[in-house]
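Here is a friendly walk through one structure.

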Amino acid sequence: MKKIIDEKFLWGGSSSAYQIEGGWNADGKEPSVQDVKTYIPAGTTDFKVASDHYHHWKEDVKMMSEAGFRSYRFSISWTRVWSFKNNQPNQPGIKFYNDLIDELIKYKIEPIITMYHFDLPDFLQQQGGWLSRSTIDEFAKYAQLLVENFGHKVKYWLTINEQNMMALVPEAVLGQKATMKDIYQCNHHMFLAQAKAMKIVHQLSKSLVGPAPNINVIYPNTNTPDDYLAAINCANIRNWYYLDLPIFGKYNTIVLDLLEKNNSMFDIEKGDMEILTDPLAKPDFIAFNYYATGTVKSSDENNAVASKGGDQHSKSGVKGYFEQVKNPNLAKTQFGWEIDPVGFKTTMLELTTRYNLPLILTENGIGGYDELDANNEINDQYRIDYYTAHFKQMFEAMEMGVDLIGYNPWSAIDLVSTHEGIKKRYGFIFVNRTEDDLKDLKRYPKKSFYWYKEVIKNNGKNIK
Ligand code: BGP
């Protein structure tokens, strides 16, 4: 085995601020785009209370420690730590994260912190959001605030969660559709914001920093040359565009060509490329989220497709370039997402051969309906089966030379899905509430919690 999983391996779990915290307007917190979302489907909860982690964080961290977590990947809510109204830091918000980080460190759980996970301040959205260049500077200011306040305690920073999903399925996370040019203009601004943030981390601290896209390999639907070309197109548009620039300092030419052909090339201002190619703005590692592979076929000019219902893993496509199709060879989750453990290995192999950087898995997992039984237990064997299959592939990838330094699946505890509510549960820890009834928000370890604890304790050697 090239890389042995030892005590340094960051076994943990993952979350994001708006999906877990609640306390949406507590102690000076201002609204993010998630708090003012208007298109939440009937019968699905909003994010106002979520898992009420804002009031349960001590107990949650204690349970993570009982499971043996060595890391916890979470995000900071921008509008909790900065007041746009008062144009100054919001001290209670800073204190909340200081206390959370200190508690994690007390239990020897390494904090892995995402700066921005889908929850842009609504104040900035009102001023144009990522289409406006002023958001770039606001993000840099925010990154500096984070590093100055927490940098000495945080070794791993992630810049932007799933920039590629925000671009590919904007209605899933931002609640709005946009033109191709606007999407890529926003992307360009996010790349600039990210580059500035990475430079700030490197200048002001000894910490490491990386991007956190959602990456998966793409299969051609058949062995026709056209379907293979579609798979290459999709992989470049969906995956590599988001890593080539920060890592190689060069925009992916397949995507630039697509934009030119569609009359959608974004504006690059003088000085932008210097910011993007600054040696201090290079990532130290790649954090990536993996749920399932994609399968595509060629798409003719008249066959435009859009994602369905704002789901990240539903049908998507780019006219003339690729069209996503179902893969009949793969099993599906209760929510219809495909399950592909081998794809987890091939995705890591492809990332490694292309970029040769350390990897941290920051999301992987299965959403399902979990219920307390008569004994207040939750038998989520399906989740154990899912993880078992993925761990086997993960170990094989590491044997083949993948430098994976941590595995932080989605999610540490139950939280609210991006668009399917609390009923789509992902956690090792159950949170007692439903879409419309907050009940007592009590935490219960699921069967998978005890199983994962054994996996961590044995560094996976108990997986057969
Ligand atoms: C990723 C996001 C997460 C998360 C997860 C599961 O794309 O980074 O925020 O929620 O997917 O997706 P969903 O909540 O839609 O089931």
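A polar contact here is a pair of N or O atoms within 3.5 Å; within protein, one must be able to donate a hydrogen and the other to accept it, and residues adjacent in sequence count only if both atoms are side-chain atoms. Keep in mind that this is a predicted model, where local features need pLDDT of at least 70, side-chain atom pairs count only at pLDDT 80 or more, and totals for chains, interfaces and linings use all residues. Residues are numbered from 1 along each chain as its sequence is written, and side-chain values use heavy atoms, with hydrogens and water left out.

Let's start with the ligand.

| Residue | Distance to a ligand oxygen atom |
|---|---|
| Glutamate 162 | 2.5 Å |
| Tyrosine 426 | 2.6 Å |
| Serine 417 | 3.0 Å |

Taken alone, the ligand exposes 370 Å², and the protein buries 100% of that (accessible areas come from the Shrake-Rupley method with a 1.4 Å probe; for residues, only the protein chains shown count as cover). Around the ligand sit 16 residues, the closest being Gln19, Glu162, Thr418, Lys424 and Tyr426 (near means a heavy atom within 4 Å). That shell splits into 5 nonpolar, 8 polar and 3 charged residues (Ala, Val, Leu, Ile, Met, Phe, Trp, Tyr, Cys and Pro count as nonpolar, Asp, Glu, Lys and Arg as charged, and the others, Gly among them, as polar).

Now the helices, which are DSSP runs of H or I with at least four residues, while strands are E runs of at least two, numbered from the N terminus. The axes of H6 (residues 134-150) and H9 (residues 180-204) come within 9 Å and cross at roughly 25 degrees. H6 and H9 are therefore roughly parallel (angles under 35 degrees count as roughly parallel, over 145 as roughly antiparallel, 65 to 115 as roughly perpendicular and the rest as oblique). H9 also packs with H10 (residues 225-248) at about 40 degrees, axes 10 Å apart, and that makes H9 oblique to H10.

Last, the backbone. Most peptide bonds are trans. Tryptophan 410 and serine 411, though, are joined by a cis one, with omega about 5 degrees.

Methods: Axes fitted to C-alpha atoms, helices over the stretch in contact; angles between N-to-C directions.
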